[in-house]
Structure formats: C-alpha cells, structure tokens
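Subject: Structure handover

Hello,

Please find the structure below, followed by notes on what turned up in it.

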Amino acid sequence: MRDLSRFTILAVDDDSINLRVIAQQLAPLAPRLLVATDGQSALSVTQRELPDLILLDINMPGMSGLDVCRAVKESEKTADIPIIFLTSSEQDTAEAFSVGGVDYIVKPVDSDALQARVCTHLHLSASLKALDETNLLLSSANERLEKKVEERTRELVNTNANLRREINERRSLQDKLSFLSHHDFVTRMYNRFALEEKLTEQMASAETNSTKGFLCLTDLDQFKIVNDTCGYLAGDEILRQLAEVLRGQLDKDDIAARIGGDEFAVYFRSADMGFAIAKVRAVKSALENFEFEWMGDRFKHSVSMGLVEIDESIDSVSHLISVAERTCYQSKLKGGGEISVYNVTRAHVDKTQQQMRLVPLIRQALEEERIKLHVQAIHCTQNDTITKAEVLSRMRDGTGRLQPPSYFIPVAEKFHIIDAIDKYVLTKSIEALKTLPEKFQLSVNISGEFIGKEGAVDFITGLLTSNAADPSQLCIEITESSAISNLDATIEFISRLKPLGCEFSLDDFGTGTSSYEYLKKLAIDIVKIDGMFVRDVETDAVNRRMIESIVAIAKAKSIRVVAECVETQAAKALLETLDIDYLQGFGLHEPEDIDVFSNNLSHR
Ligand code: C2E
Ligand code: MG
Ligand code: MG
C-alpha cells in the first residue's frame, strides 16, 4: 500500500521542525496530513476529523502524548484510531503500549521506518475495520436469521394449532354425521339402520351366550290422534317423552331404537320367555301410565307389542324384524293394548304353508319344461381329461329367475313329487347323451323315493333302449342319506341295473354316521367325498386324514373316488397327491347349461 491519498494522518509534536520532517517523509505517499503542536488541539482535531492514524509525540509540555492517547482511547468515537508514538527514548515504550499505542518510532525519525510502519498500521486498521464491518454484517444477518426462524416457528405453531383445530372440527363433524346416520333425530335413539347393524352383531355372537335374545316391538295406539289434533310438534314431543320413559325401563345392555313413526324396538337378553314377558309387561305399563300434556290437554296411550324369541328358525335380521312387525300387528288386530308372542309352532305352520304353495309351482314348472339341466365337469386326475359330468337341475320360476335345487328339491321330496323330477331329469339327461362325445358319462342325482318306486328300473332301461344309449354312459348318484333310509330297495336297484353297465356313485360320502358300513353293503363304483372334507383340505389336517382314509378303504374295494367342492388351486394341487381319481368343483368348472356345455366340449 504505497498510495495513502484516501487516508488522513494526524501528526502531533510540540516541535514544528519535527512536524515538517514528518510531512516531508510522508509526502511521497501523499496522505492527507493534519498537524497539532499540543495535546489539547490534537484531541479536538481528532474528534473533529477522525483521522485514520495518529503519530503522537510522547513528550510534550502540558498534556503529554500518553494523556492524549488515553483520552483518544476513552472516547468510543475515536478508540479504534491506531496511535504510533514518537519518542526519543525507548524507555517510554512500555507505557506507550499500555495506554493503547500500537507502535512507536524512535526519533530522529527514519523515513523508511516511518513509511513502513504507517503503511502497516493503516493496512491493519483498515483490515480490522473491514473485519468489524463483516462481523457486524454477520451478526445482523444472524439476527435476521434468528428472527426469521422465530417467525417461522411461530407460523408453524399457529399452523399446527389451526390444523389441530381443523382435525378436531372434522372429527366432531364425523362423529356428528355418524351419530346422525345411526340415530333418530327426534328421540336421539338408534334408528332402524343402526338397530339392524346391532342385531347382526348380536345374532352372530349369540351362540356363545347362555341367555336368549329377544326382540320386542312397540307400536303406540292412536298416535295419529295427537298428530292430527295437536300437530306434528306435539307428535314429536310425545315421541321424545315416551322415548325417555322407555329408556328408564331398560337395562344396561339393552338396545333400543325408533324404527318407524311410532314404532320402537328393544333388543334384550333374558334367561327365558317367562322373564322376557315380565320385562315387556313392565315396559308396557310404564308407557301406558305416562300422561302427555299439551296446551292443557292430556293424552294417555295404550301400546301394542310383539315379542320374538330369537332362535334357529330365524335366519336373518330382516327376517327377525319382519316377524316382530307381524307379531306386533297381531296385537293391533286384537284392538291394541296387547302383547303378542311369536310362536315357533305357528312359524313352522307358516313355513309349511309357504312350501305347500310351492308344490303346484314345481308341478307347473315340470309341465312347462322349466326344470333346466346344468352340468358340472368331473375332471379325471390321471390324464387331465373331462369324460364325466354331473347333472344338476335348476328351476326357472314364474319371474324367469333360475332357482337352485335347495329351492325346490327339499319341497319336492317332502311333498312326494321328487320322483317326477327324477324321471324328468333322467329323461332329459339320457336324451342329451346324443349331443355328447361317445363314452361320455353323465352322473344323475336320484332320490331315495324314486329308487323305492315300482317300475324305477324299468323306467331307466326303457329310456336307455329308446335312446339307444350305452348304459355305461349313465352313472346314478345316490346320496348316503337316501341309501340308508331305503337300504334294501337301493341294493335291489343297483343289483338290477349294474349288470347292464350302469355305474353308481355314493354321494356326499362321509356325512353319515356309519358311512363305511354302506361301502360294504352297496355295490357302488364310485364314492364322492363330501365337500365339507374337501373345501379347506389344504389347511385342515383332520380333513386331509379323513380323505386319506376314505381313499384307502375305497381303493381296497376297487372303488373309484371323486372329491367334490374343489374350490382352489391349492386344494386341487394337494388332492392330486392323494390318489383321487376325479376332482369336481367351482375351482375347475362352474355348473353351466347342458347345451352350452356340450357345445363347448365339442369345440374344445
Ligand atoms: P350334490 O349332488 O352333492 O351336488 C354338488 C353340489 O355342490 C351342487 O350344488 C354343486 O353346484 C355344488 N358345488 C360344486 N362345486 C362346488 C364348489 O366348489 N363349492 C361349493 N360350495 N359347491 C359346489 P347344487 O347344484 O346346488 O345341488 C345341490 C344338491 O341338490 C346336489 O348335491 C344334489 O344332491 C341335489 N340335486 C341337484 N340336482 C338334482 C336332481 O336333478 N335330482 C335330485 N334328486 N337331486 C338333485
Ligand atoms: Mg351329486
Ligand atoms: Mg355331493
């Protein structure tokens, strides 16, 4: 740094010759030079001009250089100005440093030394200043940063609080919505939807409980009078108050709901019907003793009630509610103010009546050829081919819907029209053999009743002859239960048809109590292991053992084995390792219309 023109230097000496020498020596560097010849004026120049550096004579009359230095250093404004002392003796130097000087030069002043030191200290001071400024900047940047962090933190805290508020609001809104969707607006009791949900849960868990479940329906008699004479406000109010009365009669685990205009339902558990009726009576008298007052008028209401014990005859919640409603309606029919109890025997009669109504419909379906043949393929495990299929019938009802065998076969059996169905299915099946590949075998399900009928064998042989069918293309499936109930007839039936070439399957094998006995007695060709052993064979070790033992015994008697209800690939894979001859089930083929099936078969 050889150009000092932007710096101001103050030289202080009581000897003006010294000052002149200094001025000459510094001239090449061209600083702005100020001079003072005593301490006081040095201080005032310093305060006024704020020089960048001071050259200060130590020994001056009056205020010494050391005193000037102290004063400069004491003032905040000037404290940073570097001071180089000029001294005639090195002895003063220690004190010079202690009062704040940065350097000293011994007089007579050497020009080079002066220039070098001045330059060095100006440079140092400038660097220090720059450093201070940088520090200042840094600390202000830091401050700003801290402020920002604080601000952001505050914002985050606020956002968090807002979010939490929003979440809480939403939650409470959701709670409200869920409450509203499950509760009746007027009485704040459960609504019909919630009741159905609760009843579904209860009915699913009821088996593990020693008490019995009951559903009681209550209908207010002449509720309409209040509504008509006093208006809907009064109607709502009476319902609200009655709901309170009802609540007062309930035990902790009871479930009460308003399921219609003036209909309340209560689900409760009780040891038996006697206790249940006692409870319902108490509820009834509480409701009937309640007096409703509206604008000076007083109303009292009797109630009609229906009580249902939930037992196995009730198979669903909708069934339960409809039974309860019907039972309650019985009370209404009697003029109200009654408790009617649902009667299982009566229900049985109802069911029988319902089934009886189905009998002419089944007959009609037979006449109109609305009994439809579906077939399900039976896969041969040895060569993965389909050479057999089981005929499964469906009934197209009056509405055109296809009904499963469970809809009409049990009724047909009970009302003795099953042999007509069997004849029909046999006829259609043997006719259908023509549309199927040569040697293809159809398995037809036959009832015990048909087997016991006179002329059954002749009927079948007649069909085989008239259709010129190969008897070995017909396999007759007899369920274990029907074989048992008609053992002699079954033995005779088999012994007459077998010599012709017809085959026989023992269906649903394993469901009876002494299944193996019948393997000995009946000359069957095939056993069909019931689906209940097959369905979860891959996870149930007991079922697997059961199947293994059926297979072992069947093989010992040269009887072939079908596993039915093979639903999954896992079950199929496992069964293939068990020496089973045939597999049948939704996992391999879902039953389909026989024409579609034979069409597909010929295109396969
Ligand atoms: P089944 O002879 O034991 O027939 C097998 C039943 O299991 C059929 O039900 C069939 O659709 C079903 N099934 C097949 N694979 C699977 C599977 O993977 N999973 C499950 N869950 N089920 C499967 P479908 O058609 O409802 O027949 C029921 C019963 O009705 C038959 O049992 C049979 O005993 C009787 N049946 C059907 N058609 C006739 C008929 O024309 N005459 C007589 N007398 N009885 C029939
Ligand atoms: Mg069958
Ligand atoms: Mg079966």
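Which element supplies the largest share of the shell around ligand 1? That is strand E14, with 4 residues.

Before the rest, some conventions. This is a predicted model, in which local features need pLDDT of at least 70 and side-chain atom pairs count only at pLDDT 80 or more, while totals for chains, interfaces and linings use all residues. Residues are numbered from 1 along each chain as its sequence is written, chains are lettered from A and ligands numbered from 1 in the order in which they are written, and side-chain values use heavy atoms, with hydrogens and water left out.

Ligand 1

The shell has 23 residues, of which Glu 390, Ser 393, Asp 507, Glu 567 and Phe 586 come nearest (near means a heavy atom within 4 Å). At least two shell residues each come from E14 (385–396), helix H12 (405–414), helix H13 (418–432) and strand E18 (503–509). By type, the shell holds 9 nonpolar, 5 polar and 9 charged residues.

Polar side-chain atoms also approach ligand 1 (polar contacts are N or O pairs within 3.5 Å). Ser 393 has one 2.5 Å from an oxygen atom of the ligand. For Asp 508 the distance to a ligand oxygen is 3.0 Å, and Gln 376 has a polar atom 3.0 Å from a ligand nitrogen. Taken alone, ligand 1 exposes 800 Å², and the protein buries 82% of that (Shrake-Rupley method, 1.4 Å probe).

The magnesium ions

Ligand 2 is a magnesium ion coordinated by Glu 390, Asn 445, Glu 477 and Asp 507, at 2.0 to 2.3 Å. Donors are N, O and S atoms within 2.8 Å of the metal (3.2 Å for Na, K and Ca); water is not among the atoms, so sites may look incomplete. Glu 390 lies in strand E14 and Glu 477 in strand E17 (residues 474–479), so this pair ties together parts 87 residues apart in sequence.

Asp 508 is in strand E18 and Glu 564 in the loop between strand E20 (560–563) and helix H21 (569–576), so the two join parts 56 residues apart in sequence.

What links the two ions? Asp 507 bridges them, and they lie 4.0 Å apart.

Regards

How values were computed. A polar contact is a pair of N or O atoms within 3.5 Å; within protein, one must be able to donate a hydrogen and the other to accept it, and residues adjacent in sequence count only if both atoms are side-chain atoms. Ala, Val, Leu, Ile, Met, Phe, Trp, Tyr, Cys and Pro count as nonpolar, Asp, Glu, Lys and Arg as charged, and the others, Gly among them, as polar.
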